[in-house]
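Okay, thanks for coming, everyone.

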Amino acid sequence: FDNKKVTVFYVLGGPGAGKGTQCANLVQDFGFCHLSAGDLLRAEQNRPGSQYGEMIRTYIKEGQVVPMEVTIKLLENAMKAALEEGRSGEGWVDGKGRFLIDGFPRKMDQAVAFDEDVCESRAVLFFSTNEETMTQRLLERGKTSGREDDNEESIRKRFVTYRETTMPVIEYYGKKDKVVEIDASLTIEEVHEKAKAVVAGLLN
Ligand code: UP5
Ligand code: MG
């Protein structure tokens with residue numbers, strides 16, 4: 001697709017920071033198409049006949065980053081589909097496709113490849129809070145989520161990957177002045193108000 005016709009925001013932050021929750025709010029406010037890399041991987045994992053199902057399951061449980069070829073392909077396909085379907089609806093505003101890419105890129109190789117081969121982001125929304133808060137949220141969600149990585153052992157591994165592998169990506173975009181940090185410790189509605197103001201400013 002023509003990457004001049006899209007506006008992309010990357011949405012990053014630790015496991016359980018509230019990326020998915022706030023993306024859903026921003027969809028309501030601004031008509032974005034929300035693509036969560038983790039959700040796309042989980043859907044691929046469960047797709048009958050997928051050659052990657054078992055591999056994805058193992059990576060997610062271990063909190064490791066799935067090889068980028070798989071994730072980038074899933075994202076690219078989802079963007080293409082949204083642009084084809086969404087001309088009059090979600091994700092298509094003023095002649096441009098608006099995307100929130102949630103939980104991606106979380107490793108430097110993905111960041112460089114996506115920026116070069118698919119498109120560059122307008123900015124990175126960085127939802128930040130401490131690990132204690134994130135752990136509590138994930139354990140609470142784990143009671144009902146059915147997610148195979150919402151348990152203490154997987155959560156610990158997800159934090160290690162986040163610190164060692166994803167933080168450098170956020171720093172990389174920070175040096176390019178693309179990162180807007182939003183305090184995700186507050187209530188969902190308070191975080192939403194901040195995020196909404198940030199995005200409104202960036203879309204102008
Ligand atoms: N909640 C949210 N905000 C709250 C607030 N302000 N106050 C109180 N509670 C709040 O929220 C988590 C929980 O907290 C919910 O119950 C919510 O109600 C509550 P959510 O919005 O779901 O947080 P989010 O940041 O989206 O957490 P998630 O668990 O989705 O983050 P991860 O980054 O860990 O998960 P993701 O799905 O992105 O990735 C999972 C795995 O997929 C990765 O570990 C990795 O193995 C793999 N992956 C890749 O390999 N490559 C990729 O590119 C992406 C993923
Ligand atoms: Mg999420």
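I'll go from the strands to the core, then to one cysteine, the ligand and a helix. Keep in mind that this is a predicted model.

Let's begin with strand 5, residues 123-128.

Who are its partners? Strand 1, residues 6-13, pairs with strand 5 in the parallel sense, over five bridges.

Now the core. The largest nonpolar core has 43 residues, and Phe99, Leu100, Ile101 and Leu125 have the most contacts inside it. Strand 1 gives the most to this core: six residues. As a general point, nonpolar side chains in soluble globular proteins tend to be buried together. Zoom in on leucine 100: leaving aside neighbours within four places in sequence, its contacts include Phe9, Val11, Leu26 and Phe32. His34 is in contact with leucine 100 too.

You'll find cysteine 119 in the loop between helix 5 and strand 5. Why does it count as buried? Because it has 21 C-beta neighbours inside 10 Å, and the cut-off for buried is 20 or more. Not counting residues up to four places away in sequence, cysteine 119 touches Asn3, Val6 and Val8. Threonine 7 is 112 residues away from cysteine 119 in sequence, yet their C-alpha atoms are 8.9 Å apart.

On to ligand 1. It has 30 residues around it, and the closest are Pro15, Gly18, Thr21, Gly38 and Gly103. By type, that shell divides into 12 nonpolar, 12 polar and six charged residues. Helices 1, 2, 3, 6 and 8 each supply at least two of the shell residues.

Since helix 6 came up there, let's finish with it. Helix 6 covers residues 131-145, and at 1.5 Å a residue its 15 residues should span 21 Å. The end C-alpha atoms are 19 Å apart, which agrees. Just after helix 6 comes glycine 146, with a positive phi of about 70°.

That's my tour, so over to you.

Key. Residues numbered from 1 in each chain as written. Chains lettered and ligands numbered in written order. Predicted model: local features only at pLDDT ≥ 70, side-chain atom pairs only at ≥ 80, totals over all residues. Helix = DSSP H or I, 4+ residues; strand = E, 2+ residues; numbered from the N terminus. Expected span 1.5 Å × (residues − 1). Buried ≥ 20, exposed ≤ 12 C-beta atoms within 10 Å, placed from the backbone. Pairing = 2+ DSSP bridges. Core = buried A, V, L, I, M, F, W, Y, C linked by C-beta atoms within 7 Å. Contact = placed C-beta atoms within 7 Å. Near = placed C-beta within 6 Å. Nonpolar A, V, L, I, M, F, W, Y, C, P; charged D, E, K, R; others polar.
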